[in-house]
Amino acid sequence: MTDFPGRDDELATAVRELAGADVVAFGGVGLAGQVLPPTEAYRTVEAALPEHAVELRPRLAWLLANGSAAGKAYAATLLDRLDPVAARDAWRGLLGDPAELTTFSGCLMDQTTLGEYAAGRLGRD
């Protein structure tokens, strides 16, 4: 991976967790509602956005460029909280991406491509 921007701290650890994520889940998964490590990392970054937006912006750009398919999906989702126009541009840039990822919505697991996931997100705007 290319050099990670910013200092090494809790947010850096969370963004690195997202970079290697293979699943997108924003809540608990399965019958037990287990919260996966990428979900915890997403929540850490999301909670820091209001106070650390300037610091997080380059980290999200890094995640969009260097993350796994799921990591890129998390990055674009987080970017939407900072800059919805930039997030739409990010989602558009991911439309043709054939990389596969797993998504969870509660107990429901699905397999899709990043491009299809991006198309779905753009359709919600």
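A residue counts as buried when its relative accessible area is under 20%, as exposed when it is over 50%, and as partly exposed in between. Keep that rule at hand for these exercises on a predicted model.

**Exercise 1. Is Leu108 buried, partly exposed or exposed, and what about Asp110?**

Step 1: Find the two residues. Leu108 is in strand E3, which covers residues 108–113, and Asp110 lies in strand E3 too.

Step 2: Read the values. Leu108 has a relative accessible area of 63%, and Asp110 has one of 45%.

Step 3: Apply the cut-offs. The 63% of Leu108 is over 50%, so Leu108 is exposed. The 45% of Asp110 falls between 20% and 50%, so Asp110 is partly exposed.

**Exercise 2. Which residues does Asp110 touch beyond its sequence neighbours?**

Step 1: Set aside the neighbours within four places in sequence.

Step 2: List what is left: Asp110 is in contact with Leu101, Thr102 and Thr103.

Step 3: Now look further along the chain. Val24 is 86 residues away from Asp110 in sequence, with 9.9 Å between their C-alpha atoms. For Leu108 and Val29, the separation is 79 residues along the chain and 7.9 Å from C-alpha to C-alpha.

**Exercise 3. Why does the end-to-end distance of helix H3 agree with its number of residues?**

Step 1: Count. Helix H3 runs over residues 69–82, which is 14 residues.

Step 2: Work out the expected span. This is 1.5 Å times one less than the number of residues, and for H3 it comes to 20 Å.

Step 3: Compare. The end C-alpha atoms of H3 are 20 Å apart, so the two values agree.

**Exercise 4. Why can H3 be called largely enclosed?**

Step 1: Pick out the buried residues, among them Ala69, Gly71, Lys72, Tyr74 and Leu79.

Step 2: Take the count. In H3, 11 of the 14 residues are buried, so the helix is largely enclosed by the rest of the structure.

Step 3: Name the partners. The buried residues of H3 pack against helices H1, H2, H4 and H5 and against strands E1 and E2.

**Exercise 5. How many helices and strands does the protein chain have, and how compact is the chain?**

Step 1: There are 5 helices and 3 strands, in the order α-β-α-α-α-β-β-α from the N terminus.

Step 2: The radius of gyration is 14 Å, close to the 14 Å given by the globule rule for 125 residues, so the chain is as compact as a globular protein of that length.

Step 3: Finish with burial: 44% of the 125 residues are buried.

Note on methods: Residues are numbered from 1 along each chain as its sequence is written. This is a predicted model: local features need pLDDT of at least 70, side-chain atom pairs count only at pLDDT 80 or more; totals for chains, interfaces and linings use all residues. Side-chain values use heavy atoms; hydrogens and water are left out. Helices (H or I, at least four residues) and strands (E, at least two) are DSSP runs, numbered from the N terminus. Buried means under 20% relative accessible area, exposed over 50%, partly exposed in between (1.4 Å probe, protein chains only). Contact means heavy atoms within 4.5 Å. The radius of gyration is taken over C-alpha atoms; the globule rule is 2.2 Å times the number of residues to the power 0.38.
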